[in-house]
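Thank you all for coming. I would like to walk through one structure with you, starting with a pair of helices and then widening the view.

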Amino acid sequence: MTDVDPSTLASGPASGPALGHLEALTKDDLRRWLGRALRGQEPLPRLTIDEAPDITVARHESDLGSLVRKDLRTASMELMIRFIDEAGRATEDDDYVRALLGVVQRLGVDDAVVSLGMLAQGERFDAIRVEQQAAVLGALLDLRAPLDRSFWHRVAGRGRHLALAFTGLLRLGMDGVDVLPQISGDEIVADSLYVVLSQHARHLRPEDRNRLVGRVREVSGRCVAAIGAMLDEWLAEQEGRAPGVSAPTNEGLDEALEAFFAERHQPYERKPESAKLLPDVVAA
Amino acid sequence: MAVSQARCSVAALQKALGDLCEGDRRIVAMHIERWTRGADEHWSRVARNIAGETALGHVDFVRLLQSFAAQLHRGVAPVLAWQCACRKVQLVGAPLPVDRTPEIVGRALGLGDYARMISASSALTEGQAKDLLRQVMLAGRNPPRRLARVLQRAPVGRYVVWATFDPQWPNEHPYGGIARTTKFVRTAFGLGHCRPTDLLALIAYRARSQGLELRRPTVADAESHAWYRPCERHDLHGWTEPLPPNPGRLPRQPEVVHAELSGEGLIFPVYSTC
């Protein structure tokens with residue numbers, strides 16, 4: 001027979017589902033709790049059972065008092081600094097790194113941009129796992145980190161994460177398109193690049209979109225087959241629009257409304273509200 | 001019926017406890033009792049779910065409790081000990097017979113969470129993946145081919161994936177014929193930690209034609225999730241318990257679990273709640 005260790009009883013279900021119990025933790029305990037939570041080792045009030053832990057924490061953070069919210073930001077920054085300090089020496093789980101990057105973004109820890117940018121520019125960046133490098137670069141893009149062309153060219157020059165480098169460069173100017181022939185991607189990369197290009201073009205003024213189309217046309221023949229085919233498809237779609245006419249921003253909405261009315265066996269007629277959507281008006 | 005069900009379930013727990021060694025039995029029974037009588041409503045509910053469990057087979061129930069006891073003996077906090085024990089005994093509920101397996105199953109998940117999975121399986125950032133998701137949702141039944149493929153490469157969930165289906169129309173999108181509001185979905189599907197302002201992606205994917213094995217969920221699959229409800233012993237799958245107050249008397253919905261799966265069988269539209 002094994003005796004019951006009283007220490008196990010003392011710990012009890014103190015960390016229940018609500019995050020209210022965080023109010024009672026010291027800063028050190030809060031940091032340890034956050035580290036365990038981001039590793040999936042703490043029960044959390046998840047929306048679905050498999051929800052990523054940082055998303056759960058961020059969703060419930062607004063219910064907490066201002067002091068503990070501030071301490072949570074500090075704790076997430078401390079964990080981030082530890083990850084950066086140990087980069088290349090300690091092996092972290094990919095899901096943990098994504099959760100850590102996610103929590104600093106979702107809690108609005110602005111200083112993380114600088115720390116992550118320095119990590120990405122340092123020599124030890126190459127020592128962390130490729131998946132984690134991609135997550136860091138993705139976070140820098142989502143955080144709109146002010147990184148210049150030379151940074152993204154260096155990323156591209158390493159021969160990895162070319163699709164992310166393409167996004168970074170494209171945001172800085174049309175010459176980002178010059179990276180495309182370097183990308184030796186398959187259909188997976190091609191589909192992602194198609195999304196990047198389409199999302200980027202959607203926000204351009206008509207004249208800038210036409211310039212982008214022209215640059216893409218120049219490089220498409222020099223790309224590997226999968227990327228070249230994707231670019232040809234993208235070009236055909238872009239050129240299918242009347243010259244100088246911006247992409248209709250309510251295209252998706254129109255399709256959704258058509259689907260909605262079709263389910264109810266009712267017709268839906270597209271009614272453009274802006275002259276921008278009428279090629280005839282533009283041509284005239 | 002409820003009384004006999006409770007008797008039967010308590011008997012299942014007692015039977016499993018009876019097959020533990022004295023030390024394991026004492027420590028497990030003590031903690032379940034502590035949770036049951038404790039002030040923490042959440043863990044009290046988890047304890048009642050353990051006591052009411054009907055989907056775990058006897059051998060697996062014993063294994064779960066033994067694992068829980070081993071963690072507790074090592075000094076692991078009870079909450080974490082339960083979670084660790086559960087993760088060793090998952091996806092062991094009875095599989096749905098093939099002839100009762102629906103063609104289409106679906107699930108609700110947070111938009112940001114889905115974007116995370118899409119990002120991890122593509123060359124997109126999470127922000128780009130979220131933008132893509134919105135575009136696909138607005139595109140309805142026919143999203144652009146390349147956008148659809150990005151989603152179809154992403155998994156539909158992690159670890160143990162909980163899903164539902166339309167019991168009346170098992171070949172249809174389970175969210176196709178319902179009010180797609182967060183309020184409706186959280187109530188009907190028993191998503192207790194979902195807030196009225198959370199936006200959910202409502203996805204559906206092929207099950208039977210993909211050879212997907214669907215299982216009845218167990219209390220171990222639910223881990224520390226208190227919204228799981230044990231159901232009748234003879235049920236082929238689980239059932240949600242609509243959240244109170246449920247003024248619209250929304251009916252309970254079927255629940256199944258399956259292993260991680262890529263979105264190859266994803267069907268469109270992908271809906272969003274509003």
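This is a predicted model: local features need pLDDT of at least 70, side-chain atom pairs count only at pLDDT 80 or more; totals for chains, interfaces and linings use all residues.

Which residues in H7(A) meet which residues in H9(A)? A:Ala134, A:Leu137, A:Gly138 and A:Leu141 are the ones in H7(A), and in H9(A) they meet A:Leu164, A:Thr167 and A:Gly168, where two residues are in contact if their C-beta atoms, placed from the backbone, lie within 7 Å.

Residues are numbered from 1 along each chain as its sequence is written, and chains are lettered from A and ligands numbered from 1 in the order in which they are written. Helices (H or I, at least four residues) and strands (E, at least two) are DSSP runs, numbered from the N terminus.

Back to the pair: H7 covers residues 130-142 of chain A and H9 covers residues 162-172 of chain A, and they pack at an angle of about 15 degrees with their axes 10 Å apart. Those axes are lines fitted to C-alpha atoms, for helices over the stretch in contact, and angles run from 0 to 180 degrees between N-to-C directions. That angle makes H7(A) roughly parallel to H9(A), since angles under 35 degrees count as roughly parallel, over 145 as roughly antiparallel, 65 to 115 as roughly perpendicular and the rest as oblique.

H7(A) is mostly covered, with 10 of its 13 residues buried, where a residue is buried if 20 or more other C-beta atoms lie within 10 Å of its own, exposed if 12 or fewer, and partly exposed in between. Among the buried residues of H7(A) are A:Gln132, A:Val136 and A:Leu140, and what covers the buried residues includes H5, H6, H8 and H9 of chain A together with H6 and H7 of chain B. Just after H7(A), A:Arg144 takes a positive phi of about 55 degrees.

How many residues does each chain bring to the contact between them? Chain A gives 42 residues and chain B gives 61 residues. On the side of chain A that touches chain B, H10(A) supplies the largest share, eight residues, and by class that side has 21 nonpolar, 13 polar and eight charged residues.

A:Arg73, in helix H4 of chain A, counts as partly exposed, with 19 C-beta neighbours inside 10 Å. B:Thr187, in helix H9 of chain B, is buried, with 21 other C-beta atoms within 10 Å, and, leaving aside neighbours within four places in sequence, B:Thr187 is in contact with B:Pro242, B:Leu243, B:Asn246 and B:Leu250.

Finally, chain A as a whole has 14 helices and zero strands, and buried residues make up 36% of its 284 residues.

Notes. Ala, Val, Leu, Ile, Met, Phe, Trp, Tyr, Cys and Pro count as nonpolar, Asp, Glu, Lys and Arg as charged, and the others, Gly among them, as polar.
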